Amino acid sequence: MSSASETFDLDQMIVRNAEAAGAHVRAARTAISSVIFGQETVVEQALITILAGGHALLVGVPGLAKTKLVETMGTVLGLDARRVQFTPDLMPSDILGAEVLEESAGGKRAFRFIRGPIFAQLLMADEINRASPRTQSALLQAMQEYHVTVAGERHDLPKPFHVLATQNPLEQEGTYPLPEAQLDRFLMEIGVDYPDRDAERRILFETTGAEEQKPRAAMSVEDLLAAQRLVRRLPVGESVVEAILTLVRSARPAAEGPEQRFIAWGPGPRASQALMLAVRARALLDGRFAPSLDDVVALAEPVLKHRMALTFAARAEGESVARIVKRLTERLG
């Protein structure tokens with residue numbers, strides 16, 4: 001009897017925590033949307049990425065408020081946010097920091113570590129594909145292991161730590177395409193498209209007047225960390241688990257299906273993990289206590305598309321990863 005009572009109390013506690021956390025993150029979404037117009041899906045997916053404890057790659061042409069989104073999210077979520085503009089001559093030490101030799105008043109010399117901009121809770125890596133592979137690899141370690149190593153010494157990054165990187169899909173001259181291993185570290189690839197006419201009209205009036213809307217804090221770091229812990233505790237039904245497994249495994253070239261001839265390589269188990277966390281975070285953002293099949297369908301493309309590559313035959317026939325993922329989700333029934 002006591003065991004059943006303890007289980008009931010635990011369930012009640014999770015429900016109360018979920019209600020409080022859900023209210024916080026919905027307030028954060030509203031606060032972000034009051035500054036970023038016409039990008040509701042982008043705002044939602046970026047928030048889901050943060051709630052799931054991951055990193056996101058924002059892909060879109062210049063001028064679609066990608067930089068402003070990251071700055072706004074830092075303010076709204078109460079995070080220490082910094083920005084690094086990636087260029088071909090950027091060195092790892094420009095991001096990680098470096099040791100400098102200092103001499104004290106007594107003539108004693110010692111090395112002191114000066115932290116780089118990566119020691120932030122929210123790092124914007126602007127045009128990440130313009131950096132050399134050497135610099136990208138330094139960021140890769142931080143994204144995966146949450147610490148950096150400089151001169152053989154380990155330095156832990158702050159908690160939470162998230163990278164929101166941007167990439168321009170147009171200007172590819174002089175860029176270094178992200179290797180598959182680094183792309184896999186991004187929980188989602190978020191496509192940033194043009195706003196619709198009404199949203200662009202609002203942008204015109206809101207951003208060219210005498211006063212511009214400023215973001216306001218809606219959460220604290222403690223609120224965010226509590227929400228991230230809660231995401232991992234939300235229950236997931238067996239049907240949703242099976243849908244995730246079916247979808248991810250069907251996106252591999254070895255699976256059986258009409259799409260397999262178009263797939264050169266597909267997502268690994270990290271994609272299943274990412275989708276599992278993302279659907280929980282989306283449920284919390286919508287005020288639900290468990291994810292549904294609709295969450296899997298809605299997040300399939302941003303979670304899978306950067307973890308897949310097409311064959312030459314697929315490209316010759318005009319296929320795209322997005323269309324293939326859409327057909328795979330339709331088969332979930």
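**Exercise 1. Find which residues lie nearest the centre of the second largest pocket, and describe its lining.**

Solution. Step 1: of the 13 residues lining the second largest pocket, F37, G63, L64, A65 and I203 lie nearest its centre. This is a predicted model, in which local features need pLDDT of at least 70 and side-chain atom pairs count only at pLDDT 80 or more, while totals for chains, interfaces and linings use all residues. Residues are numbered from 1 along each chain as its sequence is written, and side-chain values use heavy atoms, with hydrogens and water left out.

Step 1: let us settle the words. On a 1 Å grid over the protein atoms alone, a pocket is an open set of points with protein on both sides within 12 Å along at least five of seven lines; a cavity is a set of points where a 1.4 Å probe fits but cannot get out; lining residues have an atom within 4 Å of a point.

Step 2: the volume of this second largest pocket is about 230 Å³, a volume being the space filled by probe spheres set on grid points joined across faces, edges and corners.

Step 3: helix α7 (residues 197-207) gives the most to this lining, with 4 residues. Helices (H or I, at least four residues) and strands (E, at least two) are DSSP runs, numbered from the N terminus.

Step 4: sort the lining by class to get 8 nonpolar, 3 polar and 2 charged residues. Here Ala, Val, Leu, Ile, Met, Phe, Trp, Tyr, Cys and Pro are nonpolar, Asp, Glu, Lys and Arg charged, and the others, Gly among them, polar.

**Exercise 2. Describe the largest pocket and its lining.**

Solution. Step 1: the largest pocket holds about 620 Å³ of space. Step 2: its lining has 30 residues, and A52, G53, G54, Y146 and R232 are the closest to its centre. Step 3: two or more lining residues come from each of α5, β7, α8 (221-231) and α10 (269-285). Step 4: by class, the lining of the largest pocket has 13 nonpolar, 7 polar and 10 charged residues.

**Exercise 3. Classify the aromatic pairs.**

Solution. Step 1: rings of Phe, Tyr and Trp (its six-membered ring) pair if their centres lie within 6.5 Å; planes under 30 degrees apart are stacked, over 60 edge-to-face and the rest tilted. Step 2: this rule gives 2 aromatic pairs. Step 3: F113 and F119 are edge-to-face, because their ring centres are 5.9 Å apart and their planes stand at 70°. Step 4: Y146 and F161 are also edge-to-face, with 6.2 Å between centres and 90° between planes. Step 5: compare accessibility: Y146 is partly exposed at 33%, whereas F161 is buried at 2%.

Terms used:
Buried means under 20% relative accessible area, exposed over 50%, partly exposed in between (1.4 Å probe, protein chains only).
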